[in-house]
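Dear colleague,

I am passing on the structure below, together with some notes on what turned up when I went through it. Please read the notes with the structure open beside them.

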Amino acid sequence: MTDYNGYIATETIEGDDDGPLAGRTVAVKDNISTEGVRTTCGSEMLEDYVPPYDATVVSRLKAAGATIPGKTNMDEFGMGTTTETSAFGAVENPVAEGRVPGGSSGGSAAVVAAGDADMALGSDTGGSIRCPAAFCGVVGIKPTYGLVSRYGLVAYANSLEQIGPIAPTVEEAAELLDVIAGPDERDGTTREAPAAGEEYAEAADGDVDGLSIGVPTELVEGADEAVVETFWDAIADLESRGATYHEVDLPSVEHAVEAYYVIAMSEASSNLARFDGVRYGKSGGYDGNWNESFANAREEGFGEEVKRRVLLGTYALSAGYHDKYYKKAQDARAWVKRDFDEALSDADVLASPTMPVPPMERGESLDDPLTMYLADANTTPVNLANLPAISVPAGETSEGLPVGLQLVGPAFDEETIIRAGSALA
Amino acid sequence: MSDNAVEPGEVRHVADLARVDLDDAEVERFTEQFGEILAAFEALDEVPETDRETELTNVMRPDEIREGLTQEEALRNAPESEAGQFKGPKVS
């Protein structure tokens, strides 16, 4: 275990003897199934759940020779931006004492930042890999939707989430992506990357000469002053190596965070219906009316943020509100996608701060869910558009707090964001 | 804000649909928070109707028998089972 509470379990899973990741440790977020090893999703509901099979990404890690040193702490079911909603206690940021590590893959980013694992896997539904990578000063990649199999990932919001790598450098994150990417017959949403053939790690050559960077003004304007300053320093660094930048307009992103939450909560309300304490999930041991006994078990097994999202999702899908919330959110999603495609027809990558704020103090945002949701303004549009994005360390604020720079690329063009990001980390 | 006021009764109704038995303090907290959160979601009213590009591919495959979980594995995580079946709450 770690003093910052990064692991939920430290049961070691050994991989094959050789392979590209032989001799290296890759920690795995606790919503990714590991055969015979407890997978809790940070929830009391799944405290004793032991998956009967491996997620595809775990099979690929083992085949690549990686050792899994443990399962990492996370916001319950991936719902949070701070890794404070875990039923197994909050994670502290190992590089910024008293601060949150970001979420929901906070444990994964923290064990990498602290050097307790060489690399880690997280999952990103609305920024859950990029946010903790930014807050802990490491690299995180959210792959294009369909590049990495979600088979064995305990679902929160299927149409948005992807598993992806977290590592100290872009090259190492790309090496891990090389191992987990690619079609899977067990996940019908996976696709062969059109440019498959090149290894992602080879793209991490730091060459940004001639790179055209679009900076969406909407994603910079609202950010904290110290973050904006660090962001522009990093852009200047890229410019000094031959990249150019221009400002771009993405009017749709102003509505992305609301659309993201409506869609994610709606999908969550459906996905989490399976936890009824009969097939799996904690049973309260109640008898009598089935619906009442399920409701009792779910009241006990779920934490407050999970209940909040399941209820809001049920609300958004309920009769009379579907057109007002869910349908409008789908329109916003299509609009965001079109906006990004247009901006990327004119730039190789889009750059912004990953998070508009430096890591929050622990406990600060728990009582104010709306403020926490709004902190995801820069990351959620990427999930709505199903595009790839990377967060790389951009530097630190004057107080020494890590700031992340996000680069977004065209669908299945992970090479370009990896190449661009590798100039910084 | 007053337009978006959420009533405790609505929260209880939705909790009923979602099969979550909230306690009174939660109902009170959620009533207030839902008013604020749903008011923020109202910003979606400004979104123009947008055509959705459909680049869907048919991923259907023929049904074929293949190895799956054994009955024992499928039941392993059930809190209670009996004679190879899930055991639900007793109906009185």
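This is a predicted model: local features need pLDDT of at least 70, side-chain atom pairs count only at pLDDT 80 or more; totals for chains, interfaces and linings use all residues.

Arg60(A) itself belongs to helix H1 of chain A, which covers residues 56–63. Apart from neighbours within four places in sequence, Arg60(A) is in contact with Val179(A), Ile180(A), Ala181(A), Gly182(A), Pro183(A) and Asp184(A). Its relative accessible area is 22%, so Arg60(A) counts as partly exposed. From Met1(A), which is 59 residues away in sequence, Arg60(A) is separated by 25 Å, C-alpha to C-alpha.

A second residue that I looked at is Glu172(A), placed in helix H4 of chain A (residues 170–180). Glu172(A) is partly exposed because its relative accessibility is 21%, and its side chain makes a polar contact of 2.6 Å with the side chain of Thr169(A). If residues up to four places away in sequence are not counted, Glu172(A) touches Arg24(A), Met119(A) and Ala167(A).

Turning to how the two chains meet, the contact involves 57 residues from chain A and 49 residues from chain B, and about 4,800 Å² is buried between them, with 62% of that area on carbon and sulfur atoms. On the side of chain A, Leu311(A), Tyr315(A) and Leu370(A) supply 13% of the area buried against chain B, which is more than any other three residues give.

Between chain A and chain B there are 18 residue pairs in polar contact, counting pairs with both residues at pLDDT 80 or more, and there are four salt bridges. One of the salt bridges joins the side chains of Glu42(B) and Lys324(A), at 2.9 Å from N to O. The elements of chain A that give two or more residues to the side touching chain B are helices H7 (256–271), H8 (290–301), H9 (304–317), H10 (322–344) and H11 (369–374), and of these H10(A) gives the most, with eleven residues. By class, that side of chain A has 28 nonpolar, twelve polar and 17 charged residues.

As for confidence, the predictor gives the complex an ipTM of 0.91 and a pTM of 0.96, while chain B averages a pLDDT of 89, with 95% of its residues scoring at least 70.

With best wishes

Technical notes. Residues are numbered from 1 along each chain as its sequence is written. Chains are lettered from A and ligands numbered from 1 in the order in which they are written. Side-chain values use heavy atoms; hydrogens and water are left out. Helices (H or I, at least four residues) and strands (E, at least two) are DSSP runs, numbered from the N terminus. Buried means under 20% relative accessible area, exposed over 50%, partly exposed in between (1.4 Å probe, protein chains only). Contact means heavy atoms within 4.5 Å. A polar contact is a pair of N or O atoms within 3.5 Å; within protein, one must be able to donate a hydrogen and the other to accept it, and residues adjacent in sequence count only if both atoms are side-chain atoms. pLDDT is the predictor's confidence in each residue, from 0 to 100. Buried area is the accessible area (1.4 Å probe) that two parts lose on being put together, summed over both. Ala, Val, Leu, Ile, Met, Phe, Trp, Tyr, Cys and Pro count as nonpolar, Asp, Glu, Lys and Arg as charged, and the others, Gly among them, as polar.
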